[in-house]
Amino acid sequence: METSSQPPTPTTCDGLPKLKLMFPQNDVLQHPFGTTLRDYAFHGCPVDCGPNWSKEQIEQAVQDGPNTSARDPLAAKCCREEALKKVDEGFCRIVNWDNLKHNIPPTLKISPIAAIPHKSWKYRMILNLKYQLKIKGKQGRFPSVNDATDTELAPQHSMYELGNVIPRIIWTLATAPDKDIPFLMSKVDLKDGFWQMVVSEQDSYNFAYVLPKTKDSDPTQIVIPNSLQMGWVNSLGFFCAATETARDVAGTNITNNVKTERQKFEELIMNFLLSKFQWLDNTDEKFRHLIDRKSTRLNSSHANISYAVFCLKKK
C-alpha cells in the first residue's frame with residue numbers, strides 16, 4: 001500500500017504551518033526564544049546527520065530491516081497500526097521500497113525500528129538511531145545517524161533544568177505560605193511529544209525505517225517521519241526548548257498576576273474524584289477551595305501553565 005506521493009510540508013501557500021504541531025503564538029512570541037521556535041515551526045528544526053549514504057549502504061540497511069524486537073508477530077502488528085495511525089494524523093508517510101529505490105532521496109538513511117514493552121500500551125516504538133551499519137563481506141561499521149549528527153545545532157541550554165523537578169517540588173512544599181491547604185499537583189504527559197516538533201521534507205529522510213512485515217508476502221515499505229524521533233540525539237534539546245519557553249511564559253504570567261483565558265482542557269485535568277482523598281480532614285471543603293481557580297494561587301499557576309503550552313500549539 002502506498003499512502004501518499006509526497007510527505008506533508010511544514011507550510012502552506014498562506015505561509016502558516018499545515019499540521020497542528022508546535023506553533024508559537026500570543027505571549028510566547030514575546031519570549032526571547034519565541035522567534036526561533038517560530039522558525040522551527042515554519043522551516044523545521046535544524047538537522048545535520050552527516051554525509052549522505054551510498055546506495056550500497058541504503059540497500060544493506062533495507063535488507064537488515066527492523067530490529068529483532070519488532071519482528072515478533074504481535075510487535076510487528078502494533079508497529080504497523082501505529083505507523084498507519086500516524087499517517088492518518090499527518091505525522092509521517094509510507095512508501096514502497098520498490099518505488100523509492102529508483103529515485104533515492106540524497107539524505108535517505110535507514111535505521112532499525114525497535115519495539116519496547118510499555119506499561120500503558122503493548123509496545124513503544126523507538127527508532128534505533130545508534131545503529132552502526134555493517135556491509136556484509138566488508139570490515140568495520142559505518143557511523144550511526146546519532147554518531148554523525150551535529151549536536152551543536154540543538155539548543156543545549158534548554159536541558160539545563162533536567163533533573164531539577166524534584167528539588168523544585170520540595171522547595172515549593174517547604175516554602176508554602178499556607179500550611180493548612182493541601183497541595184493539588186498534576187503531571188501532564190505530552191503524548192508523542194517529540195512528534196510535535198517538525199522537520200523539513202529534505203531532512204525527514206534522515207529518520208526513515210523499514211516497516212515490519214506481518215506476513216512474508218507484504219511488500220517492503222519505508223516509513224518517513226516528518227517530525228523529531230524518539231532516539232535521535234538532538235530531539236530532547238529541541239523539545240525542551242519549546243517546553244522551557246512555555247514554562248518561562250507561565251512563570252512570568254504568574255509573577256505578574258496576568259489573567260489568562262480558560263484553557264479548553266483544564267476541566268478535564270482538574271476532574272478527579274474527591275473520594276480518593278478522604279484520608280484528609282474536611283477534604284471536600286479544602287479541595288473545593290483549590291478547584292476554585294479564581295481564589296487560589298496554586299490553581300492560577302496551573303491555568304497559566306496550561307495557557308502557555310496552548311500558546312505553543314496551532315489552533
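Phe238 is buried, with a relative accessible area of 0%. The rings of Trp232 and Phe238 are stacked, because their planes lie at 20°, under the 30 degree limit. The centres of these two rings are 6.2 Å apart. Trp232 is also buried, at 4% relative accessibility. These values come from a predicted model.

A search of the whole structure finds seven aromatic pairs. One of them joins Tyr40 and Phe238, with ring centres 5.3 Å apart and planes at 90°, so this pair is edge-to-face. Tyr40 is buried, with a relative accessible area of 7%. Ring pairs extend to a cluster made up of Phe33, Tyr40, Phe207, Trp232 and Phe238.

Helix 8 covers residues 235-255. Its 21 residues should span 30 Å at 1.5 Å a residue. The end C-alpha atoms are 30 Å apart, which agrees with that expectation. Phe238 is one of several buried residues in helix 8. Others include Phe239, Cys240, Thr245, Val249 and Asn253. Ser235 and Gly237 are buried as well. Just after the helix, Asn257 takes a positive phi of about 55°.

A further ring contact involves a charged side chain. Lys86 lies over the face of Trp195, at 4.8 Å from the ring centre.

Notes:
Residues are numbered from 1 along each chain as its sequence is written. This is a predicted model: local features need pLDDT of at least 70, side-chain atom pairs count only at pLDDT 80 or more; totals for chains, interfaces and linings use all residues. Side-chain values use heavy atoms; hydrogens and water are left out. Helices (H or I, at least four residues) and strands (E, at least two) are DSSP runs, numbered from the N terminus. The expected span of a helix is 1.5 Å times one less than its number of residues. Buried means under 20% relative accessible area, exposed over 50%, partly exposed in between (1.4 Å probe, protein chains only). Rings of Phe, Tyr and Trp (its six-membered ring) pair if their centres lie within 6.5 Å; planes under 30 degrees apart count as stacked, over 60 as edge-to-face and the rest as tilted. A charge sits over a ring if NZ of Lys or CZ of Arg is within 6 Å of the ring centre and within 35 degrees of the ring normal.
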